[in-house]
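Opened a new page for this chain today. I wanted its overall build and its salt bridges in one place.

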Amino acid sequence: MRIPSGDVPAVPTFDVDVADGWVAVTAPGAVARLSDERHPTRSITVTSLRVDDETGLRDVAVRSFARQRQAHPSAEIRAQRTGRFGDRLVYLREVAIGGTTPVAQLQAMFLIESGPARDAFSFVGTAPVGELDEFGPVFVDVVASFREADPA
């Protein structure tokens, strides 16, 4: 038995556009982490979770925040909404996490149909609270540039 296969596909291959100075690195539990070499406190972590046909975007958002609150009880949603990036429905959320070094997170989640599978993608951008105004547009540009690619 081979996996991935036609019946059990791999995580969809994708492309994103990043600004100069950003690099992709591996990260435990993630598809990839995008890091800004000029600002090492800024990153975007990309994860994917295989979900069933009954799971909606709201379900993904609620479950992900519940997991986040378990890890970071001080996590607080500052803003949330859904929007469209092209034809893709995206759930967006801003989260503040307190602690000795408070950080802000921008989160974007969306669903991708991939043959017999359905994947929930999550992009989580993390930056110091005071850098959110500068980091926010960079994060939005990366998420908006997401496009599926041939797995070549």
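My entries below go from the whole chain down to single pairs.

**Ground rules.** I'm working from a predicted model, where local features need pLDDT of at least 70, side-chain atom pairs count only at pLDDT 80 or more, and totals for chains, interfaces and linings use all residues. Numbering runs from 1 along each chain as its sequence is written, and side-chain values use heavy atoms, with hydrogens and water left out.

**Fold.** I looked up the secondary structure and got two helices and nine strands, taken as DSSP runs numbered from the N terminus (helices H or I, at least four residues; strands E, at least two). The order along the sequence is β-β-β-β-α-β-β-β-β-α-β. The radius of gyration is 16 Å against 15 Å from the globule rule for 152 residues, so the chain is as compact as a globular protein of that length. That radius is taken over C-alpha atoms, and the rule is 2.2 Å times the number of residues to the power 0.38. The C-alpha box along the principal axes is roughly 50 × 35 × 30 Å.

**Burial and surface.** Buried residues are 39% of the 152; buried means under 20% relative accessible area, exposed over 50%, partly exposed in between (1.4 Å probe, protein chains only). I noted an accessible surface of about 8,900 Å², with 52% of it on carbon and sulfur atoms (Shrake-Rupley method, 1.4 Å probe; for residues, only the protein chains shown count as cover).

**Salt bridges.** How many salt bridges are there? I count seven, with a side-chain nitrogen of Lys or Arg within 4 Å of a carboxyl oxygen of Asp or Glu as the test.

- R147 and D17 pair up, closest N and O atoms 3.0 Å apart. R147 is in strand β9 (147-148) and D17 in the loop between β1 (14-15) and β2 (22-25), so this bridge ties together parts 130 residues apart in sequence. Both ends are partly exposed: R147 at 35%, D17 at 43%.
- R38 meets D36 at 3.4 Å, N to O. Buried or exposed, these two ends? R38 is exposed at 52%, while D36 is buried at 3%.
- R78 meets E76 at 3.2 Å, N to O. R78 counts as exposed at 52%, and E76 is partly exposed at 42%.
- I also found R42, E131 and E134 joined into one network by salt bridges that share partners.
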